Amino acid sequence: LRRRDGETGLIILGLDPGLSCTGWGVIRAEGNRLSHLANGHIRTDAKTALCARLVALHEALIAVLDAHR
């Protein structure tokens, strides 16, 4: 991810994939130093159609990416 605010370091998004619950974490790496920025999870309803669940997952991940650029 490229930062808009000009901060240095590499921003890394990690995912723990799952359709009912996808975990995510964002860290900043500067040299050998790692800093936690954020983490969370995205849940989808098993009763919802697969295509709708995938769209919801996509939209939520885009929001995470946008929040940490």
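Reader: In which strand is A38 found?
Author: This is a predicted model, in which local features need pLDDT of at least 70, side-chain atom pairs count only at pLDDT 80 or more, and totals for chains, interfaces and linings use all residues. Residues are numbered from 1 along each chain as its sequence is written, and side-chain values use heavy atoms, with hydrogens and water left out. Strands are DSSP runs of E with at least two residues, numbered from the N terminus. The run that covers residues 33–43 holds A38, and this run is β3.

Reader: Is A38 buried or exposed?
Author: Buried means under 20% relative accessible area, exposed over 50%, and partly exposed in between (1.4 Å probe, protein chains only). The relative accessibility of A38 is 12%, so A38 counts as buried.

Reader: Over how many bridges do β1 and β2 pair?
Author: Two strands pair if DSSP finds at least two bridges between them. A hairpin of four residues joins β1 to β2, and L10 stands opposite A29 in β2. The sense of the pairing is antiparallel, and the number of bridges is seven.

Reader: Why does L19 count as partly exposed?
Author: L19 lies in the loop between β1 (10–16) and β2 (21–30). L19 counts as partly exposed because its relative accessibility is 31%.
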